[in-house]
Amino acid sequence: MNILVAGGAGFIGSHTCVALIEAGHSVVVADNLCNSSVKALEGVEQITGMKPTFYQIDVTDESAVEAMFSDNRFDGVIHFAGHKAVGESVFEPLKYYQNNVLSTVVLAKACLSHGVNRFVFSSSATVYGANRSPLTEDMPLLPTENPYGETKVMSERILIDTAKAAPTLSVALLRYFNPVGAHESGLIGESSRIEPTNLMPRVILAALGKIQKLMIFGEDYPTSDGTAIRDYIHVMDLAEGHVAAINHPTPGVSITNLGTGKGTSVLELIHAFEKANGVAVPYELTERRPGDLAECYADTQKAKKEFGFSAKRSIMEMCKDAWNFEQKSK
Ligand code: NAD
Ligand code: UFG
């Protein structure tokens with residue numbers, strides 16, 4: 001198939017381009033490079049031997065998107081193009097609503113007018129709010145407490161309504177847990193234009209000595225070691241989950257978690273990183289971060305049943321590959 005990957009120069013998008021090409025698909029990338037660079041696409045080419053066709057456009061720009069759809073015959077669209085910094089979204093809500101919601105509307109509209117029937121959307125476990133883990137797809141959505149999370153809830157709603165009105169459209173809403181790691185080659189990985197706030201990039205900064213120490217937010221959660229638990233998934237597993245979703249369209253809307261189903265605490269992740277890479281990660285236990293949950297991990301049965309997908313890579317591989325990318329990209 002010929003797949004449009006919107007946001008394909010980004011962290012998850014670039015790895016998904018690799019997985020799509022390796023599965024025999026061809027790929028067109030649309031990205032405005034607001035949080036990425038063409039280096040990621042060069043990495044995709046080095047790994048796969050195939051250069052994705054690249055449109056440097058903003059996918060909220062309806063006329064640019066229309067022109068791209070007129071130039072190409074797409075079989076499916078995977079929509080990664082959005083802003084993702086939870087903290088920033090609190091201070092700049094309109095930036096998030098405009099980019100993340102409008103991009104969904106514009107891309108879905110183009111699919112309808114050009115007869116493209118497969119649409120895969122990057123949602124997030126954040127839509128579950130404070131539901132109790134393991135999180136299942138049929139749980140009622142709870143407030144996410146930040147504009148970023150609300151853009152995911154709204155985009156899901158928009159796509160559900162769109163699919164209701166257009167019976168030929170198949171929409172896959174993929175709810176990601178915590179993607180980390182990098183392609184094993186070290187040629188592509190996670191590099192953000194803004195100061196990272198997520199755990200793995202902060203662990204790397206601490207290991208490099210670029211920050212004095214990693215602050216661990218919360219030591220008194222009701223977990224085995226008192227630190228918070230998340231479901232970290234290797235970005236290549238996540239990428240392969242997208243290939244499974246685009247290859248197995250279901251009529252109407254499907255909602256699927258992409259996680260491993262295994263919870264890892266902050267301290268466990270730090271210790272795995274130290275062991276995998278033979279480096280020290282200085283840290284300090286400090287107060288909880290407002291809005292954080294004690295535990296967030298997936299029930300993964302639906303992904304297995306519907307797409308035949310289950311994540312394979314271990315926490316050690318996630319840590320090794322994330323560090324390898326950091327070392328190679330110096
Ligand atoms: P990323 O910032 O690395 O990738 C997003 C890409 O989209 C970037 O290349 C950026 O330049 C591009 N982009 C943004 N707005 C655009 C626009 N209007 N037009 C064209 N290009 C645009 O982020 P990522 O980690 O790869 O995340 C991809 C998607 O997955 C996002 O929608 C994000 O919200 C979602 N998601 C990410 C995580 C995570 O922890 N990384 C978790 C859950 C969901
Ligand atoms: N953490 C620290 N110190 C840090 C950074 C994070 O202790 O410097 C802790 C957090 O408190 C949390 C855990 O590490 O307990 C993971 O934090 P992240 O910021 O890496 O990830 P979150 O689970 O908070 O959020 C991520 C994505 C969101 C997404 C959410 C749900 O950033 O976009 O997962 O899937 F919505």
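User: Which cysteine sulfur is closest to the sulfur of C111, and how far away is it?

Analyst: This is a predicted model, and the values given here are computed from it. A disulfide needs two cysteine sulfur atoms within 2.5 Å, and the sulfur of C111 is too far from its closest counterpart for such a bond. That closest cysteine sulfur belongs to C17, at a distance of 16 Å.

User: How many disulfides does the structure hold?

Analyst: The sulfur of C17 has its closest cysteine sulfur in C34, and because the two are 16 Å apart, they are too far from each other for a bond. The sulfur of C111 is likewise too far from the closest one, in C17. For the structure as a whole, the number of disulfides is 0.

User: Is C17 buried or exposed?

Analyst: A residue counts as buried when its relative accessible area is under 20%. C111, with 1% relative accessibility, falls under that heading. The relative accessibility of C17 is 0%, and therefore C17 counts as buried.

User: How much of the area that ligand 1 exposes when taken alone does the protein bury?

Analyst: Among the 27 residues around ligand 1, those that come nearest are D31, N35, S36, K84 and N99. A side-chain N or O atom of S36 is 2.6 Å from an oxygen atom of ligand 1, while a polar backbone atom of V59 is 2.9 Å from a nitrogen atom of this ligand. Taken alone, ligand 1 exposes 810 Å², and the share of this that the protein buries is 95%.

User: Which element gives the most residues to the shell around ligand 1?

Analyst: By class, this shell has 12 nonpolar, 11 polar and 4 charged residues. The element that gives the most to the shell around ligand 1, with 3 residues, is β5.

User: Which residue has a polar backbone atom 2.8 Å from a nitrogen atom of ligand 2?

Analyst: Around ligand 2 there are 21 residues, and S124, N198, M215, R230 and D292 come nearest. Side chains take part in other contacts, with a polar atom of N178 lying 3.0 Å from an oxygen atom of the ligand and an N or O atom of R289 lying 2.9 Å from an oxygen atom of ligand 2. The backbone contact at 2.8 Å, to a nitrogen atom of ligand 2, comes from M215.

User: Which element gives the largest share of the shell around ligand 2?

Analyst: The shell around ligand 2 is made up of 12 nonpolar, 5 polar and 4 charged residues. Its largest share, 4 residues, comes from β8.

Key. Residues numbered from 1 in each chain as written. Chains lettered and ligands numbered in written order. Predicted model: local features only at pLDDT ≥ 70, side-chain atom pairs only at ≥ 80, totals over all residues. Heavy atoms only, no water. Buried < 20%, exposed > 50% of the residue type's maximum accessible area, 1.4 Å probe, protein only. Near = heavy atom within 4 Å. Polar contact = N/O pair within 3.5 Å; in protein donor to acceptor, adjacent residues only side chain to side chain. Helix = DSSP H or I, 4+ residues; strand = E, 2+ residues; numbered from the N terminus. Nonpolar A, V, L, I, M, F, W, Y, C, P; charged D, E, K, R; others polar. Areas by Shrake-Rupley, 256 points an atom, 1.4 Å probe, with all protein chains shown as cover.
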